[in-house]
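I opened this model to see how the chain is put together. These are my notes, written as I went.

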Amino acid sequence: VEVHYVEQRLPWKAMRGMTHVLEIAWLLQGIWFLVQQAAPEHRTDVFVEAESRRLGTSIFGSRSFEDLGVAFPTGAFFQPSALSCLADGVLVGTHDGVYR
């Protein structure tokens with residue numbers, strides 16, 4: 001009588017394979033965030049596209065706007081939730097704090 005051994009696919013092998021897939025996904029996501037941080041003008045964020053379309057409309061009449069060239073504390077990840085215009089500047093608020 002000959003016994004034929006068949007190697008079974010053990011659960012730890014499936015877990016290891018899924019871990020490798022997630023490692024690759026995290027690596028690609030990190031690379032994508034670095035690219036967006038290095039070149040924010042090429043972001044594919046829906047919010048940024050909608051904001052640029054909204055600012056491009058002519059609902060303000062003859063008013064003109066200019067870029068201020070502001071560097072935000074966390075770069076492309078900065079998400080303000082409040083804005084206050086003062087006589088000597090602007091206050092911008094996030095869930096972390098208030099910036100002048």
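Predicted model: local features only at pLDDT ≥ 70, side-chain atom pairs only at ≥ 80, totals over all residues.

The entries below go from the whole chain down to single residues.

**Ground rules.** Residues are numbered from 1 along each chain as its sequence is written, and side-chain values use heavy atoms, with hydrogens and water left out.

**Layout.** I looked up the elements and found two helices and three strands. Read from the N terminus, their order is α-α-β-β-β. Both kinds are DSSP runs numbered from the N terminus: helices are H or I with at least four residues, strands are E with at least two.

**Whole-chain numbers.** I checked burial next, and 9% of the 100 residues are buried. Buried here means under 20% relative accessible area, exposed means over 50%, and partly exposed is in between (1.4 Å probe, protein chains only). I wrote down an accessible surface of about 9,400 Å², with 63% of that belonging to carbon and sulfur atoms. Those areas come from the Shrake-Rupley method with a 1.4 Å probe, and for residues only the protein chains shown count as cover. Of the contacts between residues at least 6 apart in sequence, 20% join residues at least 24 apart. A contact is a pair with heavy atoms within 4.5 Å.

**Nonpolar patch.** Which residues make the nonpolar surface patch? I listed Ile24, Leu27, Leu28, Ile31, Trp32, Phe33, Val35 and Phe77, which together give about 770 Å². A patch takes residues with over 30% relative accessible area and no salt bridge; nonpolar side chains (Val, Leu, Ile, Met, Phe, Trp, Tyr) are joined within 5 Å, like charges within 9 Å. I picked out leucine 28, which sits in helix α1 (residues 11–38). Leucine 28 is exposed, at 53% relative accessible area.

**The sheet.** I traced an open sheet of three strands in the order β1-β2-β3, with antiparallel pairing. β1 (82–86) and β3 (98–99) are the edge strands with a single partner each, so one side of each has no neighbour in the sheet. Two strands count as paired if DSSP finds at least two bridges between them.

**β1 with β2.** I found five bridges between β1 and strand β2 (residues 89–93), in the antiparallel sense. Partners I noted include serine 84 with leucine 91, leucine 83 with valine 92, and alanine 82 with glycine 93. The hairpin joining β1 to β2 runs through two residues.

**β2 with β3.** This pair is antiparallel too, joined by two bridges. Glycine 93 is opposite valine 98 in β3. I noted four residues between β2 and β3 in their hairpin.

**Leucine 91.** I stopped at this residue in strand β2. Leucine 91 is partly exposed, at 24% relative accessible area. Setting aside neighbours within four places in sequence, leucine 91 contacts Ala82, Leu83, Ser84, Leu86, Val98, Tyr99 and Arg100.

**Threonine 94.** Is threonine 94 buried or exposed? I read a relative accessible area of 14%, so threonine 94 is buried. Threonine 94 lies in the loop between β2 and β3. The side chain of threonine 94 reaches the backbone nitrogen of aspartate 96 at 3.1 Å. Not counting residues up to four places away, threonine 94 touches Phe78, Gln79, Pro80, Ser81 and Tyr99.

**Salt bridge.** I searched for a side-chain nitrogen of Lys or Arg within 4 Å of a carboxyl oxygen of Asp or Glu. The count is one salt bridge, between the side chains of aspartate 88 and arginine 100 at 3.1 Å, N to O. The pair links distant parts of the chain, twelve residues apart: aspartate 88 is in the loop between β1 and β2, and arginine 100 is in the segment after β3. I checked exposure for both: aspartate 88 is exposed at 59% relative accessible area, and arginine 100 is exposed at 67%.

Definitions and conventions: Polar contact = N/O pair within 3.5 Å; in protein donor to acceptor, adjacent residues only side chain to side chain.
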